[in-house]
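Subject: Structure handover

Hello,

Here is the structure I promised to pass on. Please open it alongside this note. My findings follow below it.

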Amino acid sequence: MRREISGFSSTQEHTRRPTSVAMKMTEGKAGIPLDSIKAIIFDIDGTLADSWKLGFDATQVVLEDNNIDKISEEQYHEGCMFATPERLARHAGLMPSDPGFEDLGNKMAKEFDDHYVGLVSAQTAGFYPGMDTFLNDISTTIKLGALTNACVGYAHAVLKVNSSGESNFYDRFESIKGADNVPAPKPAPDGLLAICEELAVKPADCVYIGDSATDGKAAEAAGMHGIGVLWGSSGEEKLSKAPFFQLCRTIDDLRAVFNMVCVQER
């Protein structure tokens, strides 16, 4: 069944792609009740912003400054599922059970944040093409939030540099959280639950959109629907195993999910 919902005010016609990954649903689960959605929460890197090169280059600087071998792009993308301290400690060759893992991770994370946030610009962390239009088309009756496993200062910086003129997205995001201002980072649900509390909405009335398996796990743990996007750091094979209700290959696929109510069982 196809129908527009009041929460999405697109002026353009977008058609659902019958074979699209966007319509691929977790086996045995019904579609997201989109007409009841009161809030949409977004991950930042790899979901809203095409910022992987900024994060990769900043990581190389921090590793080099600590006399640690540089990593490959593949290693960087694999590490993006972790919050910054754990990611950097792992890049340094340590595991959570190793002595000094937490101390080294925290030390390098501070160095990374100090370097990383200052380099944020529309060029280094710009929104993916079409994302600004997608955000503009979301009705103001739906609240927006953002949760990243980077520091919260980074999230604010990315949203600010992508907000200009009529596209003042920053003011739309009523709750913004990072790994450094929540009790535990993703895949723990703490950040999502904190955002729900600030937005005064129930988790069941929210959707979380992200590009990592940890995003899907956090959404499931929080009791909200998760949508996985395939234009970020994780591929389809990895995300198809995560507890997402929907996977989207393109922003048009994401738009189709919010323009249509999918009620069939799979």
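The side chain of N149 reaches the backbone nitrogen of K186, at 3.0 Å. Bear in mind that this is a predicted model.

Where does N149 sit? Its place is the loop between β2 (143-147) and α6 (152-161). Is N149 buried or exposed? N149 has 9% relative accessibility. The cut-off for buried is under 20%, so N149 counts as buried.

T84 leads on to the next element. T84 belongs to helix α3, which spans residues 84-91. T84 is buried there, and so are R87, L88, A89 and H91. What covers these buried residues of α3? The cover includes α1 (52-65), α2 (73-79) and α4 (101-116). After α3 comes G93. The phi of G93 is positive, near 95 degrees.

Now the whole chain. It has 11 helices and 6 strands. The chain counts 266 residues, and 53% of them are buried. Take the contacts between residues at least 6 apart in sequence: 72% of these join residues at least 24 apart. The chain exposes about 11800 Å². Carbon and sulfur atoms supply 50% of that area.

Best wishes

Note on methods
Residues numbered from 1 in each chain as written. Predicted model: local features only at pLDDT ≥ 70, side-chain atom pairs only at ≥ 80, totals over all residues. Heavy atoms only, no water. Helix = DSSP H or I, 4+ residues; strand = E, 2+ residues; numbered from the N terminus. Buried < 20%, exposed > 50% of the residue type's maximum accessible area, 1.4 Å probe, protein only. Contact = heavy atoms within 4.5 Å. Areas by Shrake-Rupley, 256 points an atom, 1.4 Å probe, with all protein chains shown as cover. Polar contact = N/O pair within 3.5 Å; in protein donor to acceptor, adjacent residues only side chain to side chain.
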